[in-house]
Amino acid sequence: GNELAGKVAVVTGGATGLGSAMVERFVAEGARVVVGDLDAERGAAVARRCGAGALFRATDVGDPEQLAALVECAVERFGGLDIMCNNAGISGTMHRSILHDDFADFHRVMSVNVLGVMAGTRLAARHMSEHGGGSIINLSSVGGVQAGGGVMTYRASKAAVIHFTKSAAIELAQYDIRVNCLAPGNIPTDLLAKASTTMSPEKAERMTRAMREMMNQDRPLPREGTPEDVAEAAVYFAGDRSRYLTGTVLTVDGGTTA
Ligand code: NAD
């Protein structure tokens with residue numbers, strides 16, 4: 001397709017999972033994409049697969065200076081910035097009870113999931129406000145839409161992304177900058193596996209299996225979601241078909257929260 005022809009995008013956390021699916025779909029639609037990620041090996045591999053359509057830059061979104069350099073890289077190498085996808089996120093330790101939450105985890109999760117999104121939005125908006133607008137896509141989660149017991153820090157961080165996105169959308173509309181949220185349901189990626197690194201492998205596997213079974217029961221559509229399912233929605237937000245949408249939250253969850 002050529003839905004994003006001539007557009008330049010930045011995708012944070014684009015080395016794997018939902019992010020790499022977005023990078024590949026954006027490039028397939030004619031965009032040029034700068035991939036920012038901590039993981040240099042996998043990030044560079046994604047860029048290689050995309051040929052001239054993408055390049056990789058090592059970035060920690062928890063550090064606003066590195067994020068600024070990432071945005072600058074898009075402007076210098078590809079001549080602008082039309083689409084900013086603030087996708088990098090971490091689950092933190094998936095404590096099942098607030099009684100076991102710890103504050104080191106809280107700071108890590110908030111600095112990547114919330115500060116990373118806020119700084120990414122602000123830096124992109126500074127460029128876009130002077131160059132005719134753009135589309136900013138922030139990754140929330142069904143965990144940020146719906147309350148539930150356990151995994152409180154992650155849920156709180158993803159709820160913050162929604163409220164921040166709506167407020168930014170109102171303020172930035174005057175510059176023709178649209179800001180929207182994607183709220184995926186649970187999609188098998190590394191995210192869950194990483195959450196379980198503090199557990200024994202047996203316990204992690206038991207928990208992953210239990211969560212997937214529970215999710216399968218609660219989801220009306222009879223199959224698990226894929227990163228490509230989320231990437232489709234990202235293309236929609238990125239391109240002009242969604243030109244009258246801003247401050248919205250699109251759940252991509254097979255009907256789980258319906
Ligand atoms: P993932 O763990 O598979 O990939 C995340 C990527 O982000 C990795 O490449 C990782 O290296 C990178 N990253 C992590 N911290 C970073 C940092 N500080 N700076 C730069 N890059 C960093 O995760 P995913 O499942 O693809 O999730 C992507 C986004 O979607 C996250 O924001 C996540 O919270 C959200 N989300 C995922 C799901 C799901 O079920 N997979 C559901 C809802 C929301």
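**View 1. The lining of the second largest pocket, by class.** In this predicted model, the lining of the second largest pocket divides into 9 nonpolar, 1 polar and 3 charged residues. Here Ala, Val, Leu, Ile, Met, Phe, Trp, Tyr, Cys and Pro count as nonpolar, Asp, Glu, Lys and Arg as charged, and the others, Gly among them, as polar. Met118, Ala119, Thr121, Arg122 and Phe164 lie nearest the centre of this pocket, which 13 residues line. A pocket is an open set of points on a 1 Å grid over the protein atoms alone, where a 1.4 Å probe fits, with protein on both sides within 12 Å along at least five of seven lines; lining residues have an atom within 4 Å of a point.

**View 2. Helices and volume of the second largest pocket.** α4 (103-128) and α6 each give two or more residues to the lining, and α4 gives the most, with 7 residues. Helices are DSSP runs of H or I with at least four residues, numbered from the N terminus. The pocket's volume is about 240 Å³, taken as the space filled by probe spheres set on grid points joined across faces, edges and corners.

**View 3. Around the ligand.** Among the 29 residues around the ligand (a heavy atom within 4 Å), Asp37, Asn87, Tyr154, Ile187 and Thr189 come nearest. By class, this shell holds 12 nonpolar, 11 polar and 6 charged residues.

View 4. Look for polar contacts, pairs of N or O atoms within 3.5 Å. A polar side-chain atom of Tyr154 lies 2.6 Å from an oxygen atom of the ligand; for a polar side-chain atom of Lys158 the distance to a ligand oxygen atom is 2.9 Å. A polar backbone atom of Ile187 is 2.7 Å from an oxygen atom of the ligand.

**Notes for all views.** Residues are numbered from 1 along each chain as its sequence is written.

Terms used. This is a predicted model: local features need pLDDT of at least 70, side-chain atom pairs count only at pLDDT 80 or more; totals for chains, interfaces and linings use all residues. Side-chain values use heavy atoms; hydrogens and water are left out. A polar contact is a pair of N or O atoms within 3.5 Å; within protein, one must be able to donate a hydrogen and the other to accept it, and residues adjacent in sequence count only if both atoms are side-chain atoms.
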